[in-house]
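Subject: Structure handover

Hello,

Here is the structure for you to look at. My notes follow below it.

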Amino acid sequence: MNVPEQTAEIFKILSKGQFISSNSSDDNLRFLYNVIDDEQNFELLHTFFRNINFVLEKGSEYFYFSRPETKVELEKKLDRAYEWIDIIDFLKTFDNSFGSGFRFSPSDILVRIKTDAELETKLDGLKKHTDKVKHQDILDKILKKLKDDTFIELENDITHQYKVLASFSYLEQMILTINIPDDVRNEIPE
Amino acid sequence: MNTFSSIKELVSALYREEKLLSEMFKKRKTTDYKYDYALELVENNDSKIQYLLDRSVLRSNGNTLELDDLYLRFFEQILEANEEINISYINENLEKVTQNIDYYFNEQNEVRKYNYLKIIKHTLRKIGIITLRNVVDLKRNIDNTFKSEPNYKNKRAKLKHLDNKRKDIIELIEQTEHLVNEDDITFFKTATDEELNRIIVQLKLQLQKCTHNLIEIERQIIDFLNQIQQQSGVVEKLRQLKFLKDQFTLETVTDIKHVIARNNSVTFEPNPSYSIKLSLDHLQTDQEAFESIQKIAHRKKSRIVHKQPVADKISDEYLETQIEEEAQINLEEAKNSFLAGSRDLFDFVINYTFPKELSFDDRVTIYCQMVSEFEHLFEITGQYVEHEDISCALIYPNPTP
């Protein structure tokens with residue numbers, strides 16, 4: 001079995017819980033995406049990684065690793081999911097179309113906060129995930145978290161412009177998968 | 001109401017106020033174009049604006065001015081900048097064609113017949129152009145709406161509305177094709193006119209192009225609507241989840257636990273750190289590794305010089321040899337002297353000449369030492385002798401040891 005020569009590099013990224021997205025502005029990442037996207041390579045890599053207890057998963061325009069069995073406590077995972085819900089809720093409040101391909105800079109958000117009380121309240125609500133007090137610090141911290149998990153990337157260092165990567169739809173997909181029973185849904189005010 | 005009496009007058013009037021009209025056309029989206037602004041563009045000449053108002057080129061609305069709808073439409077159509085897709089216009093033209101075909105058949109006079117034919121040809125050509133333009137406008141409007149409409153509900157409603165227009169245009173195209181191919185087949189067969197045939201071929205080509213474009217537009221609208229659906233689906237779901245979360249009921253009423261439990265993504269795991277040890281073999285054999293070790297060793301070398309505490313020089317006094325003399329009392333010799341005499345031990349010890357001067361206490365000590373050491377050589381009697389404040393047993397040499 002001849003796995004592609006980029007296997008080590010792919011492993012290094014995915015094993016950290018990061019994603020490889022098709023719309024990254026990093027040439028190397030885009031190249032790696034294309035390597036995995038090749039049907040034959042995907043099969044090979046899938047089998048190869050399965051032997052060392054990782055499952056190579058394909059999302060819409062992104063790849064990631066999962067495990068054949070649970071390794072993390074449910075409680076920790078729930079905490080993480082709650083944090084994501086808060087963060088995405090904040091970002092979608094900033095712009096409904098916040099999703100794969102969206103570009104923004106932290107200053108856009110900070111400017112909006114001055115005129116949008118709802119957004120400000122939601123940012124304040126993120127304090128508990130960041131241990132910071134100042135708006136800018138909170139924002140920087142959550143953006144750093146998203147960046148470290150490769151849901152967004154810093155596209156332009158000079159203008160401080162971020163780009164949302166395809167992996168962001170992983171979070172959206174997760175939110176859509178949660179099922180709210182109809183009778184509960186009816187009780188939620190519009 | 002005054003009207004323009006000739007094209008010349010119209011064109012020259014439009015040309016004269018070209019600055020004002022083009023400015024107003026640019027600002028047509030913002031309805032309130034102030035009268036004062038307009039005045040500045042016509043060199044503060046009131047009557048010029050009044051002239052345009054009189055001829056219904058402009059309309060005044062309180063303190064604001066706007067282009068008359070007729071001219072606005074005219075400019076938009078000529079410049080291909082119209083945003084409204086007007087289907088009734090095609091419909092009107094279609095009706096015009098059918099009506100004129102009727103007139104054509106009813107008319108006996110060749111000259112008039114020719115006039116009707118001319119109108120039909122003209123209208124058919126117009127239908128082709130208008131339809132094509134409508135399709136182009138439709139496409140541009142759909143793109144604009146999707147990209148620039150900020151309100152989600154409006155965006156979806158507008159796209160649906162545009163989709164209906166698309167359906168209408170398709171229907172009109174079908175009607176036109178039907179008209180040309182089937183309805184008035186007699187007319188198109190009998191009115192043998194070279195130009196008419198050419199126009200019909202041209203029209204058919206245009207309509208075909210429109211149909212192809214419309215198919216693409218349909219695909220795009222569906223795609224856009226799906227994207228919006230997906231986006232607003234996420235936003236809506238997120239809002240509901242957030243509400244439940246704030247009520248602290250998210251875990252109990254939804255299947256979030258189940259969903260998360262099933263999700264074994266590595267992204268939930270803390271960042272792994274692989275602290276893999278260096279290969280000893282590699283360190284010992286590889287030249288590069290050796291260089292690295294040297295480099296690190298060099299870097300690790302501490303700049304701080306540890307000062308060893310140095311002891312002071314030992315004074316010469318300590319090194320000089322000193323002699324201390326101590327006179328030792330030879331008990332053996334004293335014993336032998338004692339045994340040779342006949343005096344009692346205490347008397348002997350008090351009077352014996354030792355190598356050094358001894359005090360009375362010392363002499364008592366020697367007495368005791370001798371008794372304990374040479375007891376078996378002495379005869380200890382039961383008599384005592386008193387001397388100063390001590391009393392001692394009388395001891396004599398033992399004649400038969």
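A definition to start: buried means under 20% relative accessible area, exposed means over 50%, and partly exposed lies in between, with a 1.4 Å probe and protein chains only. This is a predicted model, where local features need pLDDT of at least 70, side-chain atom pairs count only at pLDDT 80 or more, and totals for chains, interfaces and linings use all residues. Residues are numbered from 1 along each chain as its sequence is written, chains are lettered from A and ligands numbered from 1 in the order in which they are written, and side-chain values use heavy atoms, without hydrogens or water.

Confidence
The model has ipTM 0.83 and pTM 0.54.

Chain B overall
Chain B holds 18 helices and five strands. These are DSSP runs, numbered from the N terminus: helices are H or I with at least four residues, strands E with at least two. Of the 401 residues in chain B, 35% are buried. Take the contacts (heavy atoms within 4.5 Å) in chain B with a separation of 6 or more: 62% link residues 24 or more positions apart. Chain B exposes about 27100 Å², by the Shrake-Rupley method with a 1.4 Å probe. Carbon and sulfur atoms supply 51% of that area.

Helix α5
B:Ile78 sits in helix α5 of chain B, residues 69–79. B:Ile78 is exposed, because its relative accessible area is 56%.

Positive phi
Most residues other than glycine have a negative phi. Here are some with a positive one.

- B:Ser56 has a phi of about 60 degrees. B:Ser56 lies in the loop between α4 (46–54) and β2 (58–61) of chain B. Its relative accessible area is 12%, so B:Ser56 is buried.
- A:His160 has a phi near 60 degrees. A:His160 is in the loop between β5 (152–156) and β6 (161–164) of chain A. Its relative accessible area is 34%, so A:His160 is partly exposed.
- A:Glu61 has a phi near 75 degrees, in the hairpin of β2(A) and β3(A). Two residues lie between those strands.

The hairpin in chain A
Strands β2 (residues 55–59) and β3 (residues 62–66) of chain A run antiparallel, joined by five bridges. Strands pair if DSSP finds at least two bridges between them. A:Leu56 stands opposite A:Phe65 in β3(A).

Best wishes
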